[in-house]
Amino acid sequence: MAATTHNKTKQVKRAPTKKSSSATSGRNHNKKKSAGGGLTHNLKILRALALQYALGQTTGGVDKKRVQGMAGIVDKKVFDTVAGILKNKKGWIQYDSKTTMSLTEAGREEVERHFGPDELKVVTASNDMYHDKIKEGLKSAKSREIFDLLKDGKAYTKEEMANALGLEINKSFGTYLSGLSRFTEKMAGGQKYRLSDDVFPCGRPTTRIMADDNDDDLTDEVEEEQAL
């Protein structure tokens with residue numbers, strides 16, 4: 001009797017098809033970043049430029065680093081990518097130079113569409129208003145504390161800042177301070193830090209600087225400012 005053979009058909013299970021990484025990894029900067037309704041990167045940049053316009057800077061460009069800081073976009077590559085989209089695809093901003101940018105007419109219309117016409121109205125600015133806007137873009141609470149300390153216009157050493165805020169000078173402190181790099185400048189041969197002049201649209205509170213310890217370099221600079 002002939003042997004009977006049975007051919008068993010093997011069923012091959014196919015792995016689920018993976019979506020192309022290009023379809024999933026691309027960031028849609030037009031979508032809101034959080035469930036709480038945070039602003040998109042597009043709108044953060046437009047609003048940062050609108051603030052400069054409202055403060056009276058209606059001609060010439062705004063420093064790109066300043067806009068990035070005001071927009072609160074930490075990653076420079078992300079900022080440059082989004083800014084490029086706003087310039088080349090949307091036509092909402094323009095580059096006035098290699099280091100500056102400004103709103104176009106279409107960009108101002110976009111600001112008004114999202115935030116209303118008052119967003120672009122030139123206002124009687126105050127340092128406090130401007131400082132509050134800057135702090136909104138600072139991710140670290142400790143960076144905000146250091147910023148608050150520097151708002152008086154004085155220059156501080158790292159030791160003075162750390163002592164005033166009860167912090168240790170370590171790697172973390174360096175991170176907090178670097179978060180303010182777009183808004184600070186070094187003084188006294190690089191030993192002290194203070195907020196740069198353009199952080200005070202209504203003028204630096206120079207009285208407190210002159211009351212500081214006998215730093216001849218700073219005193220001379222204040223006298224020059226007051227003579228202008």
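## Largest pocket

The lining of the largest pocket is made up of five nonpolar, two polar and six charged residues (Ala, Val, Leu, Ile, Met, Phe, Trp, Tyr, Cys and Pro count as nonpolar, Asp, Glu, Lys and Arg as charged, the others, Gly among them, as polar). This is a predicted model, in which local features need pLDDT of at least 70 and side-chain atom pairs pLDDT 80 or more, while totals for chains, interfaces and linings use all residues. Residues are numbered from 1 along each chain as its sequence is written, and side-chain values use heavy atoms, without hydrogens and water.

Of the 13 lining residues, Leu 39, Arg 47, Met 70, Ala 71 and Glu 136 lie nearest the centre of the largest pocket. A pocket is an open set of points on a 1 Å grid over the protein atoms alone, where a 1.4 Å probe fits, with protein on both sides within 12 Å along at least five of seven lines; lining residues have an atom within 4 Å of a point.

## Second largest pocket

The second largest pocket has 15 lining residues, with Val 74, Leu 138, Lys 139, Gly 179 and Arg 182 nearest its centre. By class, this lining holds four nonpolar, nine polar and two charged residues.

## Charges over Tyr 95

Lys 64 lies over the face of Tyr 95, 3.7 Å from the ring centre. The charged end of Lys 87 also sits over the ring of Tyr 95, at 5.3 Å from its centre. The criterion is NZ of Lys or CZ of Arg within 6 Å of the ring centre and within 35 degrees of the ring normal.
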